Amino acid sequence: MSKPVWKQADPRFVWNKNLLEELIENKLDGFIVPLLQGSFQTGHLKLKDSPATIALISRRCTRRLGTRMWRRGANLEGDAANFIETEQLLEFEGFRSSFLQIRGSIPLLWEQIVDLSYKPRLNIIDHEETPKVVERHFHDLLQRYGHVVAVDLTNKQGDEGLLSAAYAAEIQKLSSVRYVSFDFHHCCGGSNFDNIQLLYDQIAEDFEKNGYFLIDTEEKIILEQRGVIRSNCIDCLDRTNVTQSYLAGKSLDSQLQRLGALSSNECISMFTEDFEIFKIMWMEQGDEISLEYSGTHALKRDLVRYGKQTMTGLVKDGMSAISRYFLNNFQDGIRQDAADLISGRYSVNRDSPSPFQNNGFDSLSYLPVASALLIGGLTVTTITINQAGRNTNTILSSALCAGVIAGVMALVKSNGRQICSRPRLCGLL
């Protein structure tokens, strides 16, 4: 007898595992359907009249689940935020192959608490368990995937640079993991996307050794993937998706060449229609993962689809960035609470007071008042400045309104963390 469906699923990716426990205890296996979050895309390639089917599956881990700003880094067990397994599947003339990549937040203890600023400061938490956290994270990866190459795409300047340096210092203590630093923005900024080849040149030997999984028409295993590339930026969304799509293309070329669909000097990018299907799949996958973590479509979508930044893409990126700012500051606290509740990380206790009861300062009631003062003050100031030349009283009124606005802005800024939406059920770690 085959195992129940829920037992066949990797528990790391089962989002309703907590809700299923009572059914499992009562042996109601036939009524259990495991739910996974991530993305799923399929496409059909023509390839010189040799059709092939390609699929893209991403599975989002539940161990440190949550929203972009409220789940950063790793917990004390070594589970990384926004950890996602992405598998690219190919079927051609009865042969089937698979190429697996992973992404996840930098597995240190760090935070980036929203405070109304566009880019809140990163804070590395000084904790005696940090070396153990990194070791636990990569020990788990080595046990599951084999050889691991950790590709760090973060900037080497500012707060990102400090975080990247701390990550490099810890990971280099692990002899079994290879660390590769690649400043994506510096190397591929503007229209220099082709420079991602510089990253590939650094990891090409490991990439080829890791290989991919391949079975023949009789389901006999021909090749097994022996390792994995673990990519990260700060969010593990935009830069990471661009990089993973590039590596997936390299692997797809290798698979198609081995199966005889392409000659040794051909690649998928030479077939315009098929390459467009491939790029759209990766772009849509990036959008779905980004929506789940940040609430908006991915940025840098143009780099995935066109290999360059376009004006339309810049406008869309700007709109998504503004949406992210609003959601991260004013919506994600509630979303984080919902994730913690559904996953079972927070358990309701009828005898305990509600964590949503107001205790003194109420940020939700304060925000509309501050907003109204700002908008009203700006309106009055604008009107009075336009009339400033008429008399001294108008000039004094303008100065007074400007002073009030400056005071309100300073008050709002100083209380930024209290004003922003924040989770109330669980702590950061």
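## Pockets of the predicted model

Grid points are joined across faces, edges and corners, and a volume is the space filled by probe spheres set on the points. The structure is a predicted model, in which local features need pLDDT of at least 70 and side-chain atom pairs count only at pLDDT 80 or more, while totals for chains, interfaces and linings use all residues. Residues are numbered from 1 along each chain as its sequence is written, and side-chain values use heavy atoms, with hydrogens and water left out.

The lining of the largest pocket consists of 29 residues, with Arg68, Tyr118, Lys119, Glu160 and Asp235 lying nearest its centre; a lining residue has an atom within 4 Å of a point. The elements that contribute two or more residues to this lining are α4, α7 (238–258) and α10 (311–330), and α10 provides the largest share, 5 residues. Helices here are DSSP runs of H or I with at least four residues, strands are runs of E with at least two, and both are numbered from the N terminus. By class, the lining of the largest pocket holds 10 nonpolar, 8 polar and 11 charged residues, with Ala, Val, Leu, Ile, Met, Phe, Trp, Tyr, Cys and Pro counted as nonpolar, Asp, Glu, Lys and Arg as charged, and the others, Gly among them, as polar.

## The second largest pocket

The second largest pocket has a volume of about 470 Å³, and of its 22 lining residues Tyr246, Gly249, Lys250, Ser269 and Phe275 lie nearest the centre. Two or more residues each come from α6 (196–210), α7, α8 and α9 (301–305), with the largest share, 6 residues, supplied by α7. This lining divides into 11 nonpolar, 6 polar and 5 charged residues.

## An enclosed cavity

The model contains 1 cavity of 30 Å³ or more, a cavity being a set of points where the probe fits but cannot get out. The largest cavity has a volume of about 50 Å³, and its lining residues include Trp70, Trp110, Glu111 and Leu428. By class, the lining of the largest cavity comprises 6 nonpolar, 1 polar and 4 charged residues.

## Helix α3 and its packing

Within α3, Thr130, Val133, Val134, His137, Phe138, Leu141 and Tyr145 are buried, that is, under 20% relative accessible area with a 1.4 Å probe and protein chains only. Viewed down the axis of α3, these buried residues fall within an arc of 115 degrees, so they line one face of the helix; the arc is that of the directions from the helix axis to the C-beta atoms. They pack against β3 (84–92), β4 (95–103), β7 (147–152), α4 (158–171), β8 (177–181) and β11 (227–232), contact meaning heavy atoms within 4.5 Å. After α3 comes Gly146, whose phi is positive, near 90 degrees.

Asp287 is found in helix α8 (residues 272–293) and counts as buried at 7% relative accessibility. Leaving aside residues up to four places away in sequence, Asp287 touches Thr296, His297, Ala298 and Arg301.

His186, in helix α5 (residues 184–188), is exposed, with a relative accessible area of 64%, the threshold for exposed being over 50%.

Terms used
On a 1 Å grid over the protein atoms alone, a cavity is a set of points where a 1.4 Å probe fits but cannot get out, and a pocket is an open set with protein on both sides within 12 Å along at least five of seven lines; lining residues have an atom within 4 Å of a point.
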